[in-house]
Each structure stands twice: as structure tokens, then as C-alpha cells.
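Please look over the sequence and the model before reading on.

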Amino acid sequence: MSTNSSPLVYTLETLALPDASIYPMFFLGTLTYVLLTFFNVLLLTTIALNKKLHKPMFILLFNLPLSDMVCATAFFPHFIYSIMTQDRLINKPACIIQAFLIHFYGTGNMLILTAMAYDRYVAVCCPLRYNTIMSPPNLVRIITTVWLITFLVIGVLFFLLMRLKVCRRNVVDLFCNNPSLLKMVCEDTTVNNIYGLMMMCVVQGGSLAVVMYSYVKILHVCFVTSQTDTRRKAIQTCGTHLIVFLIFQINSVTTLISHRIVNANPYVRRLLGVSILVFPPFLDPIIYGLKSAELKQSLRMFLKRNVVGVKL
């Protein structure tokens, strides 16, 4: 089959919504997208405008809502449109862009969370060297490296995908992604599968190793120190971060592996896939905003100056 005869319009998995549920689901989807965008923009604005938050931890955190908003914008507009029109068609370029941005978000978030764990490790375990290790030039290098690795990993992934001929038009998920697009290919995908598994082991396995090592060292320092207040603050900050990381890690790995298991329940896989795109972008600014005392105080001051009557 020639490339020219490849389908130019794909069909995403049906939402199977009854007529009575269309308007409530449209409202829920729109509300979720609006709130998600508001929370993330609020977090970005607070960090950007408050000089007290121009510290390595918050500058790294600044990248998280940026990545979350990329994901939300790639997923929600078409999803909301589909709910209202019940039209699950998506053209090939839009599908490829959506898949690229979603994978870019997933890899980027994983590496950002890893960099944040390293920052906490240095702050707790090497406090006297913190300003030297996390100096502005080094911080720029860390952030640049995170996004460069993300772009290269996902760029190669989609370069390998785009070289293949597509002979089907039904996407087996509620949104476009690399595993679902590979199932539409009528050529040998061995190279793609090997690269995908290798990158999953390197990126997610490497991130998990760095994060777990960092928090084991942090816990060791926390429990051997006699400073109770320092221990409490470190455990509170790091515990929140570790929970966010592990939820994201487990969910994404489970979703990716389920595509490789023939008998995996497709409904569970789709639910897990959508949850990665909805819950982290929605909850990240809330969790970090409420758990970080400095950020919470800055948010309160920002809202008091700009929104009358708002209390946190």
C-alpha cells in the first residue's frame, strides 16, 4: 500500500454517550478545562511576579504548569468538541500533533519531577553547597537539558512512526498517541517497539532511580537530625512531591504496558490514559500551591491584591 493511499482522516474511539448525557458532559469537560487553565495560569503568574519565589525549587516548578497546559490544550478542545457534536473524526496532521504534544508532556513532566527531586536532595543533604550547585547557570543547564532530552526522545519516536505506512483509520483510544497509531500501521514495527521499550526503561526507570535515591538520602538525613522542625518541613515537602511522582509514574507505565498486552481491558486502558491527561494538570497547581508555605502565602497576597474577597 503506498503512502499516498494512507488515510488522511482517522476515527477516534467512540465516546458512546447517551443523548441525555451530552450537555452535562460538555459542561463538565469545559469547566474542567477552564479551571485547569485558571489554576495553572495563577500558579505561573504568582511565581513570575513574586521575586521571593525566584528560587531554584519554584523556577523548576514553573515548568510543570507550562507542560500541563500543553497537554490540556492538546487534549481538551477536540475532546469537548467531540462531546458536543459526537463527531470523532480527526485529520492526520492534527492527530500527529496531538500525540506528539501528549508524549512531550508525559516525558517532560517525568524529567521535571526528577529535577525537582534532585533540587530537594541538594537542599536537604548538601545545604552548604546548595547555592553553588543550584546556581542560576546550573539551573538553566538543568532546565535546558530536561527539555532538550524530551524533544530528542519524542522527536525520534515520531520520526520512526512517520516513516511507516498506515493502512487503518480507527484509533483504539479516546485520543491520539504513539501506541494507538502503531496499531494502525501495516508494516513491521519492531524498531519502533524496541526504541519505545528502551526509552521507557531509560527515561522512566532512570527517573525512578534518581527520585528514590534522592528521597532515601533525604529520609536518612531527616531521621538522624535533631532538628524536629527541619525534619517536619522536609518530609512534608518531599512527601507531597514523591506522591505526585509515583502516581504519575505508575499510571503512565501501566498505560504504556497495557498497549502491549493483547488481553488487556481496553476500557481500563482508556480510563488510565485519560486520567494521565486530566488529573496531573488539574491537581498539580492545587497540591503544590497548598503544600508549599511560601507559595501559599504568595498566592494569598496575589489574590488579595487582584481579587476582592478571595480567601485561601
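## A patch on the surface

Which residues form a nonpolar patch on the surface? In this predicted model, the patch consists of L8, V9 and L89. Together these residues have about 260 Å² of accessible area.

One of them, V9, belongs to strand β1, which covers residues 9–11. V9 has a relative accessibility of 33%, so it counts as partly exposed; that class lies between the limits of 20% and 50%.

## Overall make-up

The protein contains 10 helices and two strands. Read from the N terminus, the order of its elements is β-α-α-β-α-α-α-α-α-α-α-α. Of the 312 residues in the protein, 46% are buried.

Helix α3 spans residues 92–125, and helix α7 spans residues 190–224. Their axes come within 9 Å and cross at roughly 20°. Because of this angle, α3 is roughly parallel to α7, as angles under 35 degrees are classed that way. The crossing of α3 past α7 is left-handed.

## A buried glutamine

Is Q249 buried or exposed? Its relative accessibility is 5%, and Q249 therefore counts as buried, the limit being under 20%. Q249 is part of helix α8, made up of residues 228–258.

Conventions. Residues numbered from 1 in each chain as written. Predicted model: local features only at pLDDT ≥ 70, side-chain atom pairs only at ≥ 80, totals over all residues. Heavy atoms only, no water. Patch = residues over 30% accessible without salt bridge, like charges linked within 9 Å, V, L, I, M, F, W, Y side chains within 5 Å. Areas by Shrake-Rupley, 256 points an atom, 1.4 Å probe, with all protein chains shown as cover. Salt bridge = Lys/Arg side-chain N within 4 Å of Asp/Glu carboxyl O. Helix = DSSP H or I, 4+ residues; strand = E, 2+ residues; numbered from the N terminus. Buried < 20%, exposed > 50% of the residue type's maximum accessible area, 1.4 Å probe, protein only. Axes fitted to C-alpha atoms, helices over the stretch in contact; angles between N-to-C directions. Parallel < 35°, antiparallel > 145°, perpendicular 65-115°, else oblique. Left-handed = near helix turned anticlockwise from the far one by under 90°.
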